[in-house]
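Morning, everyone. Please take a look at the next slide, and then I'll walk you through a few features.

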Amino acid sequence: MFDDWMQRYEYMIELGKSLPLIDEQYKNEDHIIKGCQSKVWVHADMKDGLVVFTADSDAIITKGIIAILIRVFSNQAPNTILETDTDFIDEIGLKEHLSPTRANGLVSMIKQIKMYALAYQTKVN
C-alpha cells in the first residue's frame, strides 16, 4: 500500500489521531504499559461479550502503534484475542523499523492486551 517507511509512519500517525481515547480517569499507573519508552495507557471493558479497548500515548508514533493494535484486537471475544497470532506485525515489517526500545514496547502492549483478554475470558468461564 505504501512505497516507503516514511509513508507508513505518516499513516501510523494518522491512525493515532483516530484512536478511541482512554478516559482521563484511566491515565494512571494501573493502566500504563510497563516496558514502553513512552507513556502508553490501555483500558479494556467487556461489552456484549466483546473486549473493547481504549488507549492513549504521549508520543505520536507510539500512539499510532497502539492504534494499529486496537484496530486488530478491539471488539473481539476474549478467546479470539488470545488465539490471534501477531504474525501480521512481522509481515508488515513494523518491528524491524522500530528502535529496540519501541519494539520492546510493542511486545509489552500486545502482552497487556492479551492479559486483559485472559482476565475477561476467566470471568466468562
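First, a term. A nonpolar patch is made of residues with over 30% relative accessible area and no salt bridge, with nonpolar side chains joined within 5 Å. Keep in mind that this is a predicted model.

Now the patch itself. Leu82, Met115 and Leu118 form a nonpolar patch on the surface. Together they have about 250 Å² of accessible area. Met115 sits in helix H5. Its relative accessible area is 46%, so Met115 is partly exposed.

Next, the inside. How many cavities of 30 Å³ or more does a search of the whole structure find? One. The largest cavity holds about 50 Å³ of space. Its lining includes Cys36, Thr62, Arg102 and Met109. Two elements, helix H2 (60-73) and helix H5 (100-124), each give two or more residues to that lining. H5 gives the most, with four. By type, the lining has three nonpolar residues, five polar and one charged.

On to charges. The structure holds five salt bridges. One joins the side chains of Lys17 and Glu14, at 3.3 Å, N to O. Both lie in helix H1, three residues apart, about one turn of the helix. Lys17 is exposed at 62%, and Glu14 is partly exposed at 47%.

Another pairs Asp56 with Lys63, at 3.2 Å. Is Asp56 buried or exposed? Buried, because its relative accessibility is 9% and the cut-off is under 20%. Lys63 is partly exposed, at 22%. Asp56 and Lys63 also belong to a network of salt bridges with Glu24 and Lys27.

That's my tour. Thanks.

Conventions: Residues numbered from 1 in each chain as written. Predicted model: local features only at pLDDT ≥ 70, side-chain atom pairs only at ≥ 80, totals over all residues. Heavy atoms only, no water. 1 Å grid on protein atoms, 1.4 Å probe; cavity = no way out; pocket = protein on both sides within 12 Å on 5 of 7 lines; lining within 4 Å. Points joined across faces, edges and corners; volume = space filled by probe spheres on them. Nonpolar A, V, L, I, M, F, W, Y, C, P; charged D, E, K, R; others polar. Patch = residues over 30% accessible without salt bridge, like charges linked within 9 Å, V, L, I, M, F, W, Y side chains within 5 Å. Areas by Shrake-Rupley, 256 points an atom, 1.4 Å probe, with all protein chains shown as cover. Salt bridge = Lys/Arg side-chain N within 4 Å of Asp/Glu carboxyl O. Buried < 20%, exposed > 50% of the residue type's maximum accessible area, 1.4 Å probe, protein only.
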